[in-house]
Amino acid sequence: MTKSSLVQQSEQVLEWHQLLDAVAEEALSSMGAELCRVLPFAQDVEMARVQQQETFEMVQMLEGDSPLSKLNFPDIRLLLGRAAKGGVLEGIDLREIFLVLSMSQSTKRWLEEHDEGCPTASTRASKIESFDCVRQTIDHCVDPQGHLRESASPALHQLIQKSQNLRQGMRQRLERLVSSPQYEERLQGQYFAERGNRYVIPVKVERQHEVDGIIHDISSSGATVFVEPRQLIESNNAIKFADLQVAQETRRILQDLSDTVAENVGPIQENIRQLAELDCLIAKARLSRNIGGSLVHLNEHHRIHLRHAKHPLLVLTKDLVVANTIHLDKEIHTLIISGPNAGGKTVTLKLVGLIALMVKVGLLPPCAPDSEMIFFERVYADIGDTQDLTRDLSSFSGHILSLITLLEDLQFQKTASTQASLVLLDEVGSSTDPIEGAALAEAILHRLSGLGCINIVTTHYPSLKTLAYRNSQVRNASQEFDLEGLSPTYRLIDGVPGGSSALDIASRLGLEQEILHHACGLIQRDDQDLDQVFQRLQSTYAQLEEERSQVHMRHEEAQKIFKEAHVLRENLAAQEREDHQRHRQQWQREFSKAQRQVNEIVDSLKKEKNPSQVQAMRRSMGSIDRHIKEQLPMPELPSFRMPKAGDFVEIDELGTVGILQDDPEGKKQVSIRVGSQTIKIAPSAVRVASSSRAKTKSKPQTPQGSTGSSLVATNPLMKTGFYQQEHDLRGIRLEDALERTTAALDQALMDQAKYVKIIHGQGSGALKTGIRALCQASPYTENYRAGDPGEGGDGVTIIELR
């Protein structure tokens, strides 16, 4: 067996070409299908990754909103060859070329528009030419049915019109002739016909000698002859000549169009090659989508991790296919699969082999997205019976000859390449003495590992099943067997050898119990014990898997409950925010109501200037203040960390906020900056301010309508008798300043503040005089004075409220 035949045999036993046929069925063009049947293998891992990525991108585009239009284009390679040799293409041929060029142009535009969605495939756009001029020329001359348009050239238009006019005149002469009394008795009917593109009349056979002319045909019954009257010969000749002129012009136009195509044969061939490759790519994407294929990570580090992998051909033909996980770390060179007959061992071999080939041609294998696969340079498979009676080869001899050729090829590949090869052996060392066969199989696997191969083999030999316990580069796996139902489950169990269960299967198939009991007695005790150990291992593994599955299910349930709780918490928070907003609106209404009451009281006091009413007003405002505070929401929880210098702190006794000037640790008093003043107080009387109060302190607001003055509320959260407001009225007209001072006194009285500081500056003295006159007349004022030097001197007025 030659090396090439060994590769062909491997592809044959893996049913590779059946899979390629399935890909070809997804193609829409004959050229695309041809490419699908001969998909080339990538020469290196980078090329394989590019091909996989290209297929993956196209799968996503197929599932998107704007997939590429169907590439069901005709094969025009023979037409291009004929044109290149100077041949004349017919109208229908030119129309097919037009369709291909139009599809090339639309495909090029689609690739350019989707360069973000499929960047790998979009690189083909630069290789496709639009041929706008060629397309427009063909479309101008040839209609969609492949007929030459009358407007193809002015000469053709004139000749066609001339021919039509001649025919119209001929038909009019014939209509007069067949209806004339002269021919009434001679004709079979009042009609005319064409024979050989010449107009004729139907003459009764017995009256043919009465009509002077040329006979062109006779009816099938023999009763009618079709005669061209002599007086019409010249007109028929004129029509014939006109038709020949039309044909000649038509051929000239078709020749010109064919020459135009011939001048662009090379680029057009490149276009159809790109269309065929795109059709093949889309076919790969469709098949990958149909089998549930995923983008897998390709590596060169001898690691296989195929999660939930399925045999692709089984996925295409069966409704339910058992998925298996196949795992080989880079330290493992050989996977030995054991288990019952008809349990799926060979299917697993073919599955791995097909996936190894699929990733080399850009097909997405049916497995989980986070799977990994080695990029194998060669894939060898020795599966099935190689017996050949014509060559006097037994099954064992056939396998050995295949292995000899395989080892020779691998030895050559080892010197020429560093990439790994995959070797798949079904029932290695079988069809001979079990002891010698098992020893030979172990030696072969040892040699294959030495050559750097990844080996996956199936066996029934007990010595091979225990090889993993003697060799760290070998790993066991087994096909599960249901001991209760006495049937295979087709599940692959990793790390555990399996029993062959031959007697159990024979019993299930109906073999006599007497024979089974006799066979059981002939099996050596050690072999029976070993088989039972394998069965118990499988049973234990199945139980652990079931428990793991339950734990996983409960974990998912817990995750679901957690997510539901999170959603519920968010909903409750949203509801709480809505309630807070509703309450806030309600408090706003209460506050507005209180504001109106205060304004009524203030208006009354302004009119009467009665001190007793001021005290009553204070009591009323205190009642209103307590009522509003009762409606306020729960304040933020205070911070319990130790304040430090620079923090915003609250002074509990004063109900105000200031900036701590020094660290309180070890001190009896600390300095706090409140507005423009600094106060001393015990550290125990202060705490870190809440975020909302700190923000209020750090962002003083300008009163609405202010133009140049600023209101600095040094104590935005006040306590009766200690609230201080500071108003800077410098630069404001006297009337505006008096109005603002009155508003400030109103606000201070409502806030139950004790002092108000008005900054008016020295200037001309007009502001100072007007403001102090207002204080003298105001019923709110207990006293007023000029500021101390530290407060601003005579440029400031300090007002004490009643």
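This is a predicted model: local features need pLDDT of at least 70, side-chain atom pairs count only at pLDDT 80 or more; totals for chains, interfaces and linings use all residues.
**Entry 1. Helices H6 and H8**

I use helices (H or I, at least four residues) and strands (E, at least two) as DSSP runs, numbered from the N terminus. H6 covers residues 91–113 and H8 covers residues 132–141. I found their axes 10 Å apart, at an angle of about 140 degrees. That makes H6 oblique to H8. Axes are lines fitted to C-alpha atoms, for helices over the stretch in contact, and angles run from 0 to 180 degrees between N-to-C directions. Angles under 35 degrees count as roughly parallel, over 145 as roughly antiparallel, 65 to 115 as roughly perpendicular and the rest as oblique.

I then listed the residues in contact (heavy atoms within 4.5 Å). From H6 these are Leu94, Arg95, Ile97, Phe98, Leu101, Ser102 and Gln105, and from H8 they are Asp132, Val134, Arg135, Ile138 and Asp139. By class, the contact of H6 with H8 has six nonpolar, two polar and four charged residues. For these classes, Ala, Val, Leu, Ile, Met, Phe, Trp, Tyr, Cys and Pro count as nonpolar, Asp, Glu, Lys and Arg as charged, and the others, Gly among them, as polar.

**Entry 2. Helices H3 and H11**

I examined H3 (residues 30–37) against H11 (residues 265–290). Their axes come within 8 Å and cross at roughly 60 degrees, and H3 passes H11 in a right-handed crossing. Met31, Gly32, Leu35 and Cys36 of H3 meet Ile272, Ala276, Glu277, Asp279, Cys280 and Ala283 of H11. I recorded seven nonpolar, one polar and two charged residues in the contact of H3 with H11.

Is Ser371 buried or exposed? I found Ser371 buried, at a relative accessible area of 1%; buried means under 20% relative accessible area, exposed over 50%, partly exposed in between (1.4 Å probe, protein chains only). Ser371 is placed in the loop between helix H13 (345–358) and S9. Its side chain reaches the backbone nitrogen of Arg307 at 3.0 Å. Neighbours within four places in sequence aside, Ser371 is in contact with Val296, His297, His305, Leu306 and Arg307.

Glu372 lies in strand S9 (residues 372–374). With residues up to four places away in sequence not counted, Glu372 touches His297, Asn299, Arg303, Ile304, His305 and Leu306. The side chains of Glu372 and Asn299 make a polar contact (3.3 Å); the term denotes a pair of N or O atoms within 3.5 Å, where within protein one must be able to donate a hydrogen and the other to accept it, and residues adjacent in sequence count only if both atoms are side-chain atoms.

**Entry 3. Thr325**

I located Thr325 in strand S7 (residues 324–328). Thr325 is partly exposed, with a relative accessible area of 29%. Which residues does Thr325 contact, leaving aside its neighbours within four places in sequence? I listed His305, Leu306, Arg307, His308 and Leu492. The side chain of Thr325 reaches the backbone nitrogen of His308 at 3.3 Å. Thr325 and Leu492 are 7.2 Å apart, C-alpha to C-alpha, and 167 residues apart in sequence.

**Entry 4. Loop residues**

Asp647 occupies the loop between helix H20 (611–631) and strand S15 (648–651). Asp647 is buried, at 12% relative accessible area. A polar atom of its side chain lies 3.0 Å from the backbone nitrogen of Lys644.

I also noted Glu15, not a glycine, with a positive phi of about 60 degrees. Glu15 sits in the loop between helix H1 (3–13) and helix H2 (16–25) and counts as partly exposed at 26% relative accessibility. Phe131 has a positive phi as well, near 55 degrees. Phe131 is in the loop between helix H7 (119–122) and H8, and counts as buried at 9% relative accessibility.

**Entry 5. The chain overall**

The protein chain has 23 helices and 24 strands. Of its 802 residues, 43% count as buried.

How values were computed:
Residues are numbered from 1 along each chain as its sequence is written. Side-chain values use heavy atoms; hydrogens and water are left out. A crossing is left-handed if the near helix is turned anticlockwise from the far one by less than a right angle, and right-handed if clockwise.
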